[in-house]
Amino acid sequence: MLSCLISRMSWRELISLSLNLMIQALQLSLSDRSFSEPSGLLSFLLPTLPALSFRTNAFSVGASVALILTYPMGLLLAAILPSGILNPGPFSMKEHVLIYIIASCGYQPYGIENVVSQMMPDLMGNTDISFWQSLGFVIVTQFLGYGLSGLTRRFLVRPTAMWWPSTLSTIALFTSFHKTDLTEFEGVQKYTMTRYRFFWVAFIAMFVYMWIPQYFAPVLQVISFGCVIAGRGSGKSGVLSRFNNIAGSAVRGMGFLGLTFDWTFLGSYVFTSPFWAMLMFLGGTAFFQYLITPILWANDVWGDNLVLGRNAAGNPSTNTPRLFVGNKNSSLPYGSVVKPNYFYNVSANYDLNLTAYNDVAPVRITAHFALVYGASFATITAALSHVALWYGKDIYRQSMNAFRQVADEVDGLDKHVKMMEAYPDVPDWAYLVFLAVASGGAIVVSLVTPFNMPWWAIFFNLFICLIFILPFGIVPAVSGFYLYLNVLTEFVIGLMIPGQTVAVMAFKSWGTNSLSQALTLTQDLKLGQYLHIPPYAMVFAQFYGTLINAIVSTAAVFYMVFETKDLLQKPEWRYNGHQTFYSAGGIWGAIGPQRFFGIGSLYEGLLWCFLIGAVAPLLPWLANKYIYKSKYWHFINFSIIFTTGNAGAYQVVIIMPIILTFVTQYLFVKNREFYQKYLYVMGASFDGSAAIVSLIVSFMSVAGISFTTFWALNPNTNNVPYDYYCYPGASYDDYDCGFYKNVLEKNVTNTGISCV
């Protein structure tokens with residue numbers, strides 16, 4: 001394809017077009033305002049993002065914060081800079097969009113997980129890895145997927161049906177700030193407040209409110225309402241009842257009817273995602289967590305649920321991603337936590353130490369964690385099947401048009417597509433050239449750095465991404481819910497090179513991030529199509545932001561690992577997310593999928609989930625074809641239904657999203673004017689203010705500033721968990737003497753009360 005495209009143009013035309021695109025991109029992207037603003041802001045915000053990922057309850061600061069903060073900066077620079085190339089006129093929405101795109105690249109790079117896992121002294125502990133080796137790996141994993149993105153524009157950007165609902169709140173923010181009030185109502189309007197003013201009213205209201213769950217009353221972050229209904233039970237002090245252990249507690253169990261009043265646990269997706277997609281996602285999550293997991297646990301499907309991860313009081317773990325000893329004759333206590341480094345061979349590049357592994361094998365995981373993996377298997381094949389059945393004809397038509405190099409007549413009817421014809425597009429050959437260059441860099445990094453894997457794995461990674469980029473792109477393009485390749489990549493490569501931990505972890509990051517980055521740029525191109533931003537400027541902004549992010553994030557991680565002393569030993573800084581990636585390296589890398597999920601293994605039954613995922617989408621498709629024809633059948637999307645929650649997270653993200661989803665639908669039906677004019681603006685303002693409060697509270701925590709007045713909604717978490725009300729004998733300050741005497745065998749509590 002590359003040679004065919006190039007053959008149509010002379011070298012003079014190629015050079016002329018390349019220079020023209022570069023000059024126009026520089027003129028629009030690199031004015032003093034749209035270049036210096038995000039550079040300075042990224043230098044301030046980016047180090048905090050990888051740092052906050054080390055929090056026990058990790059979170060990220062969205063690009064909406066940068067969008068908000070750069071608006072007054074843009075107005076200020078427009079007012080004080082001399083007119084000319086540095087100040088072309090009033091601060092425009094196009095400049096603001098490019099700043100947002102640069103900032104949106106500021107989330108933590110996925111390759112950072114490999115750096116932390118291999119370098120962290122408490123994990124693999126390879127402290128010989130240099131900064132430059134780490135930076136090279138992070139940069140290449142960030143850029144490899146961009147070459148794939150441009151090849152999907154015909155399928156994921158131009159079609160009207162690919163509307164990317166997650167971009168709507170962002171568009172609402174831009175139209176609010178720049179006062180582009182595109183209201184579609186005729187006659188007298190019920191609501192006269194501008195979107196801009198409404199944004200700031202909602203922003204201030206949420207900013208004030210968020211101090212309550214974030215600082216003064218953190219219990220509101222996670223409320224185990226199932227425990228409130230069922231009560232503590234009549235067991236011994238500190239011992240959860242069976243119901244609370246499995247279902248009631250949102251910390252150790254599945255959080256039946258769990259609630260949260262912290263917006264950082266929710267997000268504007270509850271407003272922007274289609275009603276049908278929310279029903280699929282939340283209904284599926286509730287089905288797996290509230291019904292299937294307790295059934296699996298109660299029937300002890302994989303055995304010994306009562307001994308896995310028991311704490312001092314004898315409460316087993318249900319909601320955790322950790323690995324447990326499954327050998328009753330092991331040198332370690334049966335059912336205790338086993339870290340992957342126990343069966344790593346450090347002298348052989350952390351590959352499997354078979355002797356150590358046999359000492360704890362079969363390694364066990366909880367019923368919930370096993371179900372999460374099974375659901376992930378089903379999601380992969382369900383996405384392929386669903387897209388092939390419902391979108392196969394459209395993909396075939398667009399593919400034929402792409403090969404013929406002709407415009408698609410259906411997509412050409414879209415008004416945004418027509419308006420974008422005014423701008424020259426980045427040609428396909430440019431994306432292919434970039435893909436070739438990035439692939440070459442990936443091979444070099446794989447061969448000469450500690451993040452090594454076979455050279456052929458780079459091309460195999462690209463092959464997998466090419467297969468899944470359309471099905472995994474269509475799902476978020478129509479629903480707002482994203483799918484990832486992390487499980488599939490580690491499953492496939494683990495079968496091909498079993499026992500090679502580092503190589504499997506590296507391939508996982510290549511595959512997962514390549515697809516994720518490709519779809520990120522695709523979504524940004526759709527945002528640019530909606531707001532009529534030149535494609536070359538969007539691509540340049542994305543590349544620039546990604547490069548800055550890779551450099552600053554890698555430096556920040558090195559600081560966190562080596563310069564923060566004992567900070568990462570504190571309970572609130574236990575880097576759960578990084579430990580989950582590290583544990584997955586043990587499951588898929590060292591142990592390997594053949595030992596863990598293969599025929600004859602303890603979890604072999606989970607392989608049936610691949611077949612279940614492939615067959616399930618046939619049911620609504622056949623019903624539409626042979627029983628009753630309806631446009632609603634294709635809304636039954638099993639790739640979303642199978643997307644269940646994460647093991648180890650607070651299980652409180654079902655009930656409140658369900659409530660807000662129905663509130664959103666009510667507004668859509670009964671108050672369409674408010675829905676169209678304000679709802680997306682409100683979601684964006686809530687996201688921005690909640691993120692800023694979370695950032696401030698985190699800085700205060702690092703500085704040692706905390707709210708130390710303990711009360712019912714601010715428990716002493718040094719002694720009791722957030723949902724202390726689930727435990728017999730617990731108060732918000734400490735357990736009673738029964739717990740200390742019978743469980744810990746102490747005669748004084750942590751708060752100094754004598755139990756003699």
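Hi everyone, let me start with a pair of side chains: Glu490 and Lys508 meet in a salt bridge, with 3.2 Å from N to O. By salt bridge I mean a side-chain nitrogen of Lys or Arg within 4 Å of a carboxyl oxygen of Asp or Glu. Glu490 sits in helix H22 (residues 486-496) and Lys508 in helix H23, so the pair ties together parts that are 18 residues apart in sequence. Helices here are DSSP runs of H or I with at least four residues, strands are runs of E with at least two, and both are numbered from the N terminus.

Before going on, a word on what we are looking at. This is a predicted model, in which local features need pLDDT of at least 70 and side-chain atom pairs count only at pLDDT 80 or more, while totals for chains, interfaces and linings use all residues. Residues are numbered from 1 along each chain as its sequence is written, and side-chain values use heavy atoms, with hydrogens and water left out.

Back to our pair: are these two buried or exposed? Glu490 is buried, at a relative accessible area of 3%, and Lys508 is buried too, at 6%. Buried means under 20% relative accessible area, exposed means over 50%, and partly exposed is in between, with a 1.4 Å probe and protein chains only.

The count of salt bridges comes to five. Asp425 pairs with Arg153, the closest N and O atoms being 3.1 Å apart. Asp425 lies in the loop between helix H19 (415-420) and helix H20 (428-448), and Arg153 in helix H10 (residues 153-156), so this pair ties together parts that are 272 residues apart in sequence. Asp425 is partly exposed, with a relative accessible area of 31%, whereas Arg153 counts as buried at 7%. Arg153 also forms a salt bridge with Asp428, at 2.3 Å from N to O. That pair links distant parts of the chain as well, with Arg153 in helix H10 and Asp428 in helix H20, 275 residues apart. As a reminder, side chains of opposite charge can pair when their charged atoms come close.

Now the overall picture. The protein has 32 helices and two strands. Of its 756 residues, 58% count as buried. Contacts here mean heavy atoms within 4.5 Å. Among the contacts with a separation of 6 or more, 78% are between residues 24 or more positions apart. The protein exposes about 31200 Å², and carbon and sulfur atoms supply 64% of that area. These areas come from the Shrake-Rupley method with a 1.4 Å probe, and for residues only the protein chains shown count as cover.

Which residues have the most contacts inside the largest nonpolar core? They are Trp263, Phe343 and Trp588, in a core of 210 residues. Such a core is a set of buried Ala, Val, Leu, Ile, Met, Phe, Trp, Tyr and Cys residues joined through side-chain atoms within 4.5 Å. Leaving aside neighbours within four places in sequence, Trp588 touches residues including Tyr373, Phe377, Val487, Phe491 and Phe597. Glu490, from our opening pair, is also one of the contacts of Trp588.

Helix H6 is worth a stop on the tour. H6 is mostly covered, with 11 of its 12 residues buried; among them are Met93, Glu95, His96 and Tyr100. The helix runs over residues 93-104 and should span 16 Å at 1.5 Å a residue, which agrees with its end C-alpha atoms being 16 Å apart. The expected span is 1.5 Å times one less than the number of residues.

On the surface, there is a nonpolar patch of about 1000 Å² of accessible area, with residues including Trp608, Leu611, Leu618 and Tyr628. Patches are made of residues with over 30% relative accessible area and no salt bridge, where like charges are joined within 9 Å and nonpolar side chains (Val, Leu, Ile, Met, Phe, Trp, Tyr) within 5 Å. Helix H27 (608-615) and helix H28 (618-627) each supply at least two residues of the nonpolar patch. Leu611 belongs to H27 and is partly exposed, at 46%.

Last, some backbone details. The peptide bond from Ala361 to Pro362 is cis, with omega near 0°, and Pro362 is in the loop between helix H17 (354-360) and helix H18 (367-404). His532 has a positive phi, near 60°, in the loop between helix H23 (501-531) and helix H24 (535-562). Glu745 has a positive phi near 55°, lies in the segment after helix H32 (737-742), and counts as exposed at 68% relative accessibility.
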